[in-house]
Number of protein chains: 2
Amino acid sequence: MQTPRTTPSRKSKRMQYDPATIYSILDAALFCTISYAVDGQPWSLPTAFARDGNRLLIHGSVGSHFIREMEKGIPVCISVTLLDGLVLAKSGFSHSVNYRSVIVFARGEKVEDYDQKVHALALITNQLIPNRWADLRPETASEVRKTTVLSFSLEEASAKIRTGGPLDEPEDQTLPIWSGVIPLETVRRAAIPDESSVSLPLPDYLR
Amino acid sequence: MQTPRTTPSRKSKRMQYDPATIYSILDAALFCTISYAVDGQPWSLPTAFARDGNRLLIHGSVGSHFIREMEKGIPVCISVTLLDGLVLAKSGFSHSVNYRSVIVFARGEKVEDYDQKVHALALITNQLIPNRWADLRPETASEVRKTTVLSFSLEEASAKIRTGGPLDEPEDQTLPIWSGVIPLETVRRAAIPDESSVSLPLPDYLR
């Protein structure tokens, strides 16, 4: 949603507020960086997450310093960045990157319901490894008790996207300097079994 | 350096404070997420950066809202995360990720000297594309004037690293559930020339 906080001072043409765009970026990411402040001092934490409808979920140890601050409901800023390419122009000034990013302003709400907590843990696991949760040894009540799940509204979220090639100044375009895009991609390499799994078949969802 | 702010509440065995480790993580990264707070409200910005000795450099438009806040010298938290692998255990609880991350607490200092600014812009460009700067149309005084460079000390930086396989509970290790690691890697795909460069040779440093 566009609010004063999600309206940028620059490059406003790159901003997008429609939920489908925001969701697609969040769903493609492997982690977010979540920040909050205490007495003017910002703290940031990279962490796994999942999206559940119009909410974003994270989890952590009940003893975690970060979780204990955020469960108070103080304002947070959640940042997700997918780097898609390096954009090489003929001047340094016109260099850029192609990216898809999301910023969320919200306050954490603790998920207290047992079944909702387990649902969140399943979503967070499956965000990293689709279809993984159904294969696992079921969670124990003690594990769920040791874990705090925080939920954040995506109401005040915005996306920022750059695509395409370099935008050189007209007078630079005939310079004999190579310009273009180097695409970036995060790839999953072949799965490496640990000792206990060398004789187990690799599940289909990991192929 | 280990300070109260860089001492974690959990997993302290994963922490590292030696500069060589911190530098190697920063030097391998393509962007950082930098956060600051105004009246308790955190703001985060993913941005390119470079390391120059024991300092971290970022740049931005002189008109940028973020840059103008940070150039005041307010406290920031800079987060760099490299995700190296997904760690699949036999329980959801023991799932993890392999990563190398750095957190820096610092305050921005504006780089005013012209030559130091140009040096910073060269380092930031070369952090993304090694050896690129020497190939470019030289910067103009106007471009340098339109750009603010901020420098941050790495004195209060810490690294956190996880490597290796899953650490399942002993009683889970015989379960017939595949466990192990899926390595992750960010790869650069073949460079795509823009229209002005289709007949130019690809520079060696882009091969």
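This text walks through chain A as a whole and then stops at one residue, His59(A). The model is predicted.

Start with the overall build. Chain A has 4 helices and 12 strands. Its C-alpha atoms fill a box of roughly 65 × 50 × 30 Å along the principal axes.

Next, look at how the chain packs. Chain A has 207 residues, and 55% of them count as buried. Now take the contacts between residues at least 6 apart in sequence. Of these, 73% join residues at least 24 apart.

The accessible surface of chain A is about 9,400 Å². Carbon and sulfur atoms account for 52% of that surface. As for charge, chain A carries 23 positive and 24 negative side chains. The centres of these two sets are 3 Å apart.

Now zoom in on one residue. His59(A) sits in strand S5, which covers residues 55-61 of chain A. His59(A) has a relative accessible area of 30%. Buried means under 20% and exposed means over 50%, so a residue between these limits is called partly exposed. His59(A) is therefore partly exposed.

Which residues does His59(A) touch, leaving aside neighbours within four places in sequence? Its contacts include Thr47(A) and Ile67(A). Leu121(A) and Ile124(A) are also in contact with His59(A).

Finally, compare sequence with space. His59(A) and Pro130(A) are 71 residues apart in sequence. In space, their C-alpha atoms are 18 Å apart.

Methods:
Residues are numbered from 1 along each chain as its sequence is written. Chains are lettered from A and ligands numbered from 1 in the order in which they are written. This is a predicted model: local features need pLDDT of at least 70, side-chain atom pairs count only at pLDDT 80 or more; totals for chains, interfaces and linings use all residues. Side-chain values use heavy atoms; hydrogens and water are left out. Helices (H or I, at least four residues) and strands (E, at least two) are DSSP runs, numbered from the N terminus. Buried means under 20% relative accessible area, exposed over 50%, partly exposed in between (1.4 Å probe, protein chains only). Contact means heavy atoms within 4.5 Å. Accessible areas come from the Shrake-Rupley method with a 1.4 Å probe; for residues, only the protein chains shown count as cover. Lys and Arg count as positive and Asp and Glu as negative; His and the chain ends are not counted. The place of a charge is taken as NZ of Lys, CZ of Arg, CG of Asp or CD of Glu.
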